[in-house]
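The entries below keep to what I looked up.

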Amino acid sequence: MKVLRIVANIQAPDLMAAKRFYEDILGLDLMMDHGWIVTFGANTSMKVQLSVASQGGSGTPVPDLSIEVDDLDAAFKAMSGAGIPIEYGPADEPWGVRRFYVRDPFDQLVNILVHKS
């Protein structure tokens, strides 16, 4: 298993304020908007993104971190094998990802995901 990307998620009740700050003021591009989450980044090879969400999707809490991997089954097996409790999933989400939630040693909720091809 190889980590492909890590995305920080920030919980916010007002997504318009996020758009004003990150898109209008800082000049990041709006990469995705599902109504409950907006993701900002740049259309360059730097792969920088910041997601601001009012919920985690599918009725879940907003995770503190999202880590994209190339093999979700291997990641799930590694977490389960290490005795890390799975808090959600694995689940195929309607927006095109398969994911599960765990907590890191510091009690941060981590969303581990793969984009479905």
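I began with the exposure of F21, which counts as partly exposed because its relative accessibility is 40% (buried means under 20% relative accessible area, exposed over 50% and partly exposed in between, with a 1.4 Å probe and protein chains only). Y22, at 19%, counts as buried. I note here that the model is predicted, that local features need pLDDT of at least 70 and side-chain atom pairs pLDDT 80 or more, and that totals for chains, interfaces and linings use all residues. Residues are numbered from 1 along each chain as its sequence is written, and side-chain values use heavy atoms, with hydrogens and water left out.

**Aromatic pairs**

I then looked up the ring pairs, of which the structure holds five (rings of Phe, Tyr and Trp, the last by its six-membered ring, pair if their centres lie within 6.5 Å; planes under 30 degrees apart count as stacked, over 60 as edge-to-face and the rest as tilted). The pair of F21 and Y22 is edge-to-face, because the planes stand at 85 degrees, with the ring centres 4.8 Å apart. F76 and F100 also form an edge-to-face pair, at 5.3 Å centre to centre and 85 degrees between the planes. Since F76 lies in helix 2 and F100 in strand 7, this pair ties together parts that are 24 residues apart in sequence (helices are DSSP runs of H or I with at least four residues, strands are runs of E with at least two, and both are numbered from the N terminus). F76 is partly exposed at a relative accessible area of 26%, whereas F100 is buried at 0%. I also recorded that F21, Y22 and F40 form one aromatic cluster.

**Sheet and helices**

In what order do the eight strands of the open sheet stand? I found the order 2-3-4-1-5-8-7-6, with mixed pairing (two strands pair if DSSP finds at least two bridges between them). Strand 2 (29-33) and strand 6 (88-92) are at the edges with a single partner strand each, so one side of each has no neighbour in the sheet. From one strand to the next the twist averages 25 degrees (axes are lines fitted to C-alpha atoms, for helices over the stretch in contact, and angles run from 0 to 180 degrees between N-to-C directions).

Strand 5 (residues 65-69) and strand 8 (residues 109-115) run parallel and are joined by four bridges; within this pairing, L65 stands opposite V110 in strand 8. Strand 6 and strand 7 run antiparallel, joined by three bridges, and D92 has R98 in strand 7 as its bridge partner.

Helix 1 (residues 15-25) lies across strand 1 (3-11), strand 2, strand 3 (37-41) and strand 4 (49-53), and its angle to strand 3 is about 5 degrees. Helix 2 (residues 72-81) lies across strand 5, strand 6, strand 7 (97-103) and strand 8, at about 20 degrees to strand 7.

**V52**

V52 is in strand 4 and is buried, with a relative accessible area of 2%. Leaving out residues up to four places away in sequence, I list among the residues that V52 touches I10, L15, Y22, W36 and F40 (contact means heavy atoms within 4.5 Å). The C-alpha atoms of V52 and W36 are separated by 8.6 Å, and the two residues are 16 apart along the chain.

**Backbone checks**

Most residues other than glycine have a negative phi, and most peptide bonds are trans. The bond joining G89 and P90 is cis, with omega about 5 degrees, and P90 is in strand 6. S58, in the loop between strand 4 and strand 5, has a positive phi near 55 degrees and counts as partly exposed at 42% relative accessibility. D107 is not a glycine either, yet has a positive phi of about 70 degrees; D107 is in the loop between strand 7 and strand 8. In the hairpin of strand 6 and strand 7, with four residues between the strands, G96 takes a positive phi near 100 degrees.
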